[in-house]
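Subject: Structure for your review

Dear colleague,

Please find below the structure that I am handing over to you. My notes on it follow, beginning with the ligand and ending with individual residues.

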Amino acid sequence: MTKCFFDKDASLSYVKEKTIAIIGYGNQGRSQALNMRDSGLNIVIGCLDDDSQTTAVQDNFPIYSIAEASSIADIIVFLIPDEVIPDVFRNLETELEEGCMLVFASGFNIYYKLIEPPNFVDIILLAPRMIGTGVRENFINGRGFPSLIAVEQNASGFALERGLGLAKGIGSTKRGVFLSSFEEETILDLFLEHLGGLYAVRRRFEVLVEAGLNPEIILLELYASGEGVATAKAVSELGLWEQLKLHSRTSQFGQEITAKLSIDDDIRSKKNLHKIVDNIRNGNFAKDWIAEKNSGYQRLSAIREENLDHYLIKVERNLFNILGRNGKG
Ligand code: NDP
């Protein structure tokens, strides 16, 4: 069993006298910065001169350019998109001082050695297992949220303690901070994203439309009713199999017996899942993603356009209209 740290295992004193630069004021940046400030930590924001900056100004934070914020900080927390971190890092690398700590919310750049910080800084991962809005909400309501923590480089001798201080500052040690590694976080995160969940849902939609069912009613059943959210909550609270008791006996029979793959199909399915892990571990995915970023996200823009043009989207809009939703959350 991996180690898990709670409030009693963490002390804010390791980070209280430090200047903490939050680089990026997006989903995670805003929530983590607000939580840390409410925990009494000394926060400055480093960001581009854009909408994020306007929000940070409204939230009354001291604002600097990314280079300035990094140069005055003892702790630099990178909360910008993974694929832009290498370029941003190159511009501040020469300013890093001994004893400084670099914090990442994703293992990507360190695991793939896309950046290689000097050996005199601490390098840690503090990765909330929670979307940005949830990081703030669960701080305010006092429930906390789980995170992963990992130490890649312990130059100060106190990297874990400092990392746990930050974890307490964002409110995560209330729920549990699990000891992990940059490699583990990267593989897990990417693996789940590469499973093709969106396409699987759309495939089911297409088959049921082809079978003559009403498109709006299919989408209602597949995800739009919100029932899936309640089921996901039950899974996370009761357990994958224990939550079955909330479903009808017909549903239980269908889920446990009818849906079970044959031994051969099970082996084939696992082989395909291993291929996904291999594609992440051997660096092929990372190379593809960096090349995509360097091309100006051409394939991503094209496929987004194609996917948004799918019949499912038109049906979804109709359904959302009926349900009185604007699709903007
Ligand atoms: P966002 O996309 O929400 O925010 C990114 C921030 O970086 C914004 O302020 C954005 O500014 C700024 N930014 C974008 N491009 C650049 C650039 N080229 N140079 C400088 N700043 C830039 O990111 P997230 O908060 O979602 O993710 C941040 C990190 O947290 C990532 O490492 C991610 O993997 C990790 N993470 C995210 C989770 C999530 O739920 N979102 C969960 C756990 C970890 P602008 O607004 O102008 O684009």
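How many residues surround the ligand, and which are the closest? Please bear in mind throughout that this is a predicted model. The ligand is surrounded by 21 residues, and the closest are Asn-27, Gln-28, Asp-50, Ser-52 and Asp-82. Sorted by class, this shell holds 12 nonpolar, seven polar and two charged residues.

An N or O atom in the side chain of Ser-52 lies 2.6 Å from an oxygen atom of the ligand. For Tyr-25, a polar backbone atom is 2.9 Å from a ligand oxygen, and for Gly-26 a polar backbone atom is 3.4 Å from a ligand oxygen. On its own the ligand has 900 Å² of accessible area, and the protein covers 70% of that.

Turning to the protein chain as a whole, its secondary structure comprises 17 helices and nine strands. The C-alpha trace spans about 65 × 45 × 40 Å along its principal axes. Of the 329 residues in the chain, 40% count as buried. The accessible surface of the chain is about 19,000 Å², and carbon and sulfur atoms account for 53% of it. Among contacts with a separation of 6 or more, 66% are between residues 24 or more positions apart.

The largest nonpolar core has 33 residues, and the members that touch the most others are Ile-20, Ile-22, Ile-43, Ile-45 and Leu-166. At least two residues of this core come from each of the strands β2 (19-23), β3 (42-46), β5 (75-78), β6 (101-104) and β7 (122-128), and likewise from each of the helices α2 (27-38) and α8 (159-169). The largest share, four residues, is supplied by α8.

Which residues does Ile-20 contact, leaving aside its neighbours within four places in sequence? They are Val-15, Met-36, Leu-41, Asn-42, Ile-43, Val-44, Ile-75, Val-77 and Leu-166.

Trp-289 is located in helix α15 (residues 284-294). Apart from neighbours within four places in sequence, Trp-289 is in contact with Glu-83, Phe-108, Tyr-297 and Leu-300. Trp-289 and Ile-313 are separated by 24 residues in sequence, and their C-alpha atoms are 26 Å apart in space.

Tyr-297, one of the contacts of Trp-289, is situated in the loop between α15 and α16 (298-308). Although Tyr-297 is not a glycine, its phi is positive, at about 60 degrees. Is Tyr-297 buried or partly exposed? Its relative accessible area is 24%, so Tyr-297 is partly exposed.

Asn-60 likewise is not a glycine and has a positive phi, of about 65 degrees. Asn-60 belongs to the loop between α3 (51-58) and β4 (63-64). Why does Asn-60 count as exposed? Asn-60 counts as exposed because its relative accessibility is 64%, and the cut-off for exposed is over 50%.

With kind regards

Technical notes. Residues numbered from 1 in each chain as written. Predicted model: local features only at pLDDT ≥ 70, side-chain atom pairs only at ≥ 80, totals over all residues. Heavy atoms only, no water. Near = heavy atom within 4 Å. Polar contact = N/O pair within 3.5 Å; in protein donor to acceptor, adjacent residues only side chain to side chain. Areas by Shrake-Rupley, 256 points an atom, 1.4 Å probe, with all protein chains shown as cover. Nonpolar A, V, L, I, M, F, W, Y, C, P; charged D, E, K, R; others polar. Core = buried A, V, L, I, M, F, W, Y, C linked by side-chain atoms within 4.5 Å. Buried < 20%, exposed > 50% of the residue type's maximum accessible area, 1.4 Å probe, protein only. Contact = heavy atoms within 4.5 Å.
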